[in-house]
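Welcome, and thanks for taking a look at this one with us. Below is a short tour of some helices and a few individual residues.

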Amino acid sequence: MTEDSQRNFRSVYYEKVGFRGVEEKKSLEILLKDDRLDIEKLCTFSQRFPLPSMYRALVWKVLLGILPPHHESHAQVMTYRKEQYSDVLHALKVVRFISETTPQVEIYLRMYQLESGKLPRSPSFPLESEDEIFLAIAKSMEEMVEDSVDCYWIIRCFVNQLKNKHQDALPQLPKAFEHYLNLEDSRLLSHLKTCSAVSKLPYDLWFKRCFAGCLPESSLQRIWDKVVSGSCKILVFVAVEILLTFKIKVMALNSAEKITKFLENIPQDSSDAIVSKAIDLWHKHCGTPVHSA
C-alpha cells in the first residue's frame, strides 16, 4: 500500500470511529515536514478540512506568499518582514500619523496605506469604503493572530488577495447567491423578491468584508481557511446557509429594510452550525478537492 493510500485508509477509519480531527492533524503535520512545502496540497487540505489552530498562522503565511515554500528560508524571510514592519511603523511615528494611543487596527490601516501609496494628507481625513473594509477584516484578524507582525502581514496579503486574485469573482457572488438559494429553497427566494430585498441584502458585509463583523472569529477562521486557499465562493454558501437557518424569521419579515437589518445582526449562537452546513453545501454543489493530504 502506498503512503498516500495508507493516509486515505486511515482518514476513512478515523472518521468512522470519531477521531477525524486527529488524523487530519497528523496529515497536515506530514505535509509541513516536507523540505519544500507543496502549495497545491496545502491548498487542497485547507479546502477539505479546518486547519488546526496551532498551524493556521503558518499555513496562511505560506499560502498568502508571506513565507516561501522552503523551510530553511522561513527565519530569514520573517526577519525581513519584521524589519519592514518596524521601518513603516517608525515612518508613521515620524510624520505623526500615529501615536501611543492609536488603536492597533488603525495602525495596520495606516501602514497599509503608506505602503500602497494611499496615505491621506491628514489622519482626520474621512475613511474611504475600502478603508472601512480593511478595518473590519483587521479587527477580526487581530482576534485570530496574536503576533502583531504576523497579523499585519496576513491582513495585508489577505486584503490584496481579495483585490487581485478575487477581483473578478467578487462582483459575481450576489448572482451566484441568488442561483444557489433558488436551488435550495425557491420559496424563500420568492419571498425576498416579493419584498424587493434581493438587491438590498448586506452583500458588502458578506462578500467584500468576508463576514468580518458578522460572525464570531471562531467560526470566521474556518471560512477564511477556504478563502486564503483560493475559494471566495465559500462566501456564497455561508450567505445561503444563513438564510436557510433563519428562514422562519426572514419569512415573517415583510420589508427589505427589516430583512437586511436582521441579516446584518444575526444571532451568534448558531454560527458554528451555519459554517459547518455551509461547507457541506459548498462541497455538495462544487465538489470536494481530490487530495486528502
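In which loop is cysteine 210 found? Cysteine 210 sits in the loop between α11 and α12 (217–228). Before going further, please note that this is a predicted model, in which local features need pLDDT of at least 70, side-chain atom pairs count only at pLDDT 80 or more, and totals for chains, interfaces and linings use all residues. Residues are numbered from 1 along each chain as its sequence is written, and side-chain values use heavy atoms, with hydrogens and water left out. Helices (H or I, at least four residues) and strands (E, at least two) are DSSP runs, numbered from the N terminus.

**Loop residues with positive phi**

- As background, most residues other than glycine have a negative phi.
- Cysteine 210 is not a glycine, yet its phi is positive, at about 55°.
- Cysteine 210 counts as buried because its relative accessibility is 0%; buried means under 20% relative accessible area, exposed over 50%, and partly exposed in between (1.4 Å probe, protein chains only).
- Serine 196, also a residue other than glycine, has a positive phi near 55°.
- You will find serine 196 in the loop between α10 (186–194) and α11 (203–208).
- With 46% relative accessibility, serine 196 counts as partly exposed.

- The 17 residues of α8 should span 24 Å at 1.5 Å a residue, and its end C-alpha atoms are 24 Å apart, which agrees; the expected span is 1.5 Å times one less than the number of residues.
- Of the 17 residues of α8, 13 are buried, so this helix is largely enclosed by the rest of the structure.
- Aspartate 147 caps the N-terminal end of α8, with a side-chain oxygen 3.1 Å from the backbone nitrogen of valine 149.
- Leucine 162 belongs to α8 (residues 148–164) and counts as buried at 7% relative accessibility.
- Setting aside neighbours within four places in sequence, leucine 162 is in contact (heavy atoms within 4.5 Å) with Ile137, Gln167, Leu170, Lys208, Cys210 and Val227.
- The C-alpha atoms of leucine 162 and glutamate 142 are separated by 18 Å, the two residues being 20 apart along the chain.

**Serine 219 in α12**

- Serine 219 lies in helix α12, and at 0% relative accessibility it counts as buried.
- Not counting residues up to four places away in sequence, serine 219 touches Ser271, Asp272 and Val275.

**Two helix pairs**

- Helix α5 (residues 74–94) packs with helix α6 (residues 104–115) at an angle of about 95°, their axes 10 Å apart; axes are lines fitted to C-alpha atoms, for helices over the stretch in contact, and angles run from 0 to 180 degrees between N-to-C directions.
- α5 and α6 are therefore roughly perpendicular to each other (65 to 115 degrees; under 35 is roughly parallel, over 145 roughly antiparallel, and the rest oblique).
- On the α5 side the contact is made by Gln84, Tyr85, Val88, Leu89, Ala91 and Leu92, and on the α6 side by Gln104, Ile107, Tyr108, Arg110, Met111, Leu114 and Glu115.
- These contact residues of α5 and α6 divide into nine nonpolar, two polar and two charged (Ala, Val, Leu, Ile, Met, Phe, Trp, Tyr, Cys and Pro count as nonpolar, Asp, Glu, Lys and Arg as charged, and the others, Gly among them, as polar).
- Helix α9 (residues 173–184) and helix α16 (residues 271–286) pack at about 95°, with axes 13 Å apart, which makes α9 roughly perpendicular to α16.
- Tyr180, Leu183 and Glu184 of α9 make the contact with Leu281, Lys284, His285 and Cys286 of α16.
- By class, the contact of α9 with α16 has four nonpolar, one polar and two charged residues.

Note on methods:
Polar contact = N/O pair within 3.5 Å; in protein donor to acceptor, adjacent residues only side chain to side chain.
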